[in-house]
Amino acid sequence: MVFDPFSEQHFNDPYDTYRRLRDEAPVYYSEKYDFYALTRHEDVAPAFKDFETFSSSRGVTLEEIQSGQHAHQPSIIWMDPPEHRRMRSLVNKVFTPRAIGKQEQVIRERITHHLAAADPDNFDVVADFSALFPVEVITTMLGVPESRRQDVRIWLELALQRPAGRSTMDKAGLQAMMDTGVLYYEIIQQRREQPADDMISALCAVEVQRDDGTATRLDDVEIAGFCTLLGAAGAETVAKLLGTAAVVFGRHPDQWQQLRADRSKIPAAVEELLRYEGPVQYDCRYTLKDVERHGVTIPAGSAVLLVGAAANRDERAFTNAEQFDINRDRTEAQNLAFGYGIHSCLGAALARSESTIALDHLLDFMPHYVVEVDKLQRVAMTSVNGYSSVPVRVVAGN
Ligand code: HEM
């Protein structure tokens with residue numbers, strides 16, 4: 001069997017392939033791209049936690065690991081302990097529950113703004129709504145001026161795009177990454193001169209303990225790297241989750257009506273959407289030692305895809321795993337959509353808050369709707385799953 005994470009077929013619907021991988025090749029090896037893939041929950045969850053074997057230090061996408069391109073930029077997502085521990089505790093000081101709580105107002109305001117401008121007879125859930133507001137929220141938190149906030153999203157789309165068959169970034173993507181870096185660099189200089197009430201100013205002020213025991217401030221490259229990561233993680237993921245939400249609820253209108261009747265179920269629905277079809281399909285690791293699983297040895301020095309999205313559909317871990325059910329027992333197994341272990345998503349609380357508020361507003365905006373299935377468009381991106389276009393028609397109902 002073939003698992004090609006850069007193929008058209010993968011972008012369109014990877015779930016049949018995931019089932020076959022779990023059943024027939026729980027340790028899959030791709031000759032074409034030279035990676036291993038783990039897909040069973042019992043393998044993926046412990047691998048996420050075992051950073052001594054499954055290292056992030058060479059990157060977390062196949063491209064990063066195989067090209068070594070990440071090595072020039074320090075970033076929390078590419079660190080192993082003890083460096084990761086120090087950086088994570090530092091960013092936790094800046095990315096606090098209070099800082100996230102303060103965004104609720106911004107989230108509501110941006111959501112209301114975009115929905116007020118939307119036409120219920122001609123509405124694209126992604127292009128007219130979910131692609132627009134998450135980037136505004138995270139860049140507002142960072143301190144990016146309003147006029148540049150959508151630039152961050154457009155550059156990011158260029159950087160992540162992988163037309164089918166292509167596994168590396170093209171020239172436009174590289175240029176977009178440079179433009180993003182320059183924007184953050186300029187803001188960092190301004191905040192060093194004149195601090196404001198935003199995250200870039202806070203990052204300029206905090207100190208981190210270095211390997212030699214000294215404590216120093218973050219330099220421009222470290223702050224710009226962190227902003228790039230936050231901008232990317234904050235913009236793409238929630239946008240995709242909400243587009244998928246519209247498609248999935250379009251197929252399960254009874255569950256949409258359950259949410260309308262009882263809004264307290266929305267947080268559970270967000271968790272189920274994340275499990276059932278989360279925006280992040282897999283994270284890549286580099287093995288520091290040999291690993292034996294199911295009679296196969298993955299040698300030290302291998303790239304391994306930890307396919308959380310496949311593990312989240314594993315019947316061995318979740319009852320009726322292939323079914324979407326907002327009322328399911330969520331204690332059965334760990335939902336791996338936000339990763340697991342030391343690198344588990346730093347922005348999970350923000351993502352949950354944005355998604356919950358957005359669904360609440362969408363329930364009012366489109367209480368009954370049909371998805372124009374033949375016009376759906378999926379993204380072809382590395383690691384990210386979802387739609388770039390989800391046209392819906394709001395219809396009558398009660
Ligand atoms: C539905 C939305 C989201 C999903 C599904 C998601 C998923 C993930 C996953 C799977 C990881 C683990 C990566 C790894 O282990 O290599 C991760 C890490 C991370 N996420 Fe998210 N994410 C989401 C939203 C966000 C948001 C809104 C932010 C910030 C604004 C964010 C910031 C981060 C950061 C900084 C890390 C790296 C943490 C570390 O390395 O310690 N994410 N996310």
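Student: Which residue in β10 does Arg285 stand opposite?

Tutor: This is a predicted model, in which local features need pLDDT of at least 70 and side-chain atom pairs count only at pLDDT 80 or more, while totals for chains, interfaces and linings use all residues. Numbering starts from 1 along each chain as its sequence is written, and side-chain values use heavy atoms, leaving out hydrogens and water. Strand β7 (residues 283-287) pairs with β10 in the antiparallel sense through four bridges, where pairing requires at least two DSSP bridges between the strands. The residue of β10 opposite Arg285 is Val304.

Student: Which residue in β10 is the bridge partner of Ala37?

Tutor: Strands here are DSSP runs of E with at least two residues, helices are runs of H or I with at least four, and both are numbered from the N terminus. Strand β2 (residues 35-38) runs parallel to β10 and is joined to that strand by three bridges. Within β10, Ala37 has as its bridge partner Leu305.

Student: Are the residues of strand β10 (residues 303-306) that point one way and the other way buried or exposed?

Tutor: In a regular strand, side chains alternate between the two faces of the sheet. In β10, Ala303 and Leu305 point one way, and Val304 and Leu306 point the other way. With buried meaning under 20% relative accessible area, exposed over 50% and partly exposed in between (1.4 Å probe, protein chains only), all of these residues are buried.

Student: How far does a polar side-chain atom of Arg285 lie from an oxygen atom of the ligand?

Tutor: Arg285 is among the residues that come nearest to the ligand, together with His84, Arg88, His343 and Cys345, out of 29 around it; a residue counts as near if one of its heavy atoms lies within 4 Å. A polar contact is a pair of N or O atoms within 3.5 Å. His84 places a polar side-chain atom 2.7 Å from a ligand oxygen atom, and an N or O atom in the side chain of Arg88 is 2.7 Å from a ligand oxygen atom. For Arg285, the distance from a polar side-chain atom to an oxygen atom of the ligand is 2.7 Å.

Student: Which element gives the most to the shell around the ligand?

Tutor: The elements that each supply at least two residues of this shell are α5, α13 (220-251), β7 and α17 (348-365). By class, the shell has 20 nonpolar, six polar and three charged residues. With six residues, the element that gives the most is α13.

Terms used. A polar contact is a pair of N or O atoms within 3.5 Å; within protein, one must be able to donate a hydrogen and the other to accept it, and residues adjacent in sequence count only if both atoms are side-chain atoms. Ala, Val, Leu, Ile, Met, Phe, Trp, Tyr, Cys and Pro count as nonpolar, Asp, Glu, Lys and Arg as charged, and the others, Gly among them, as polar.
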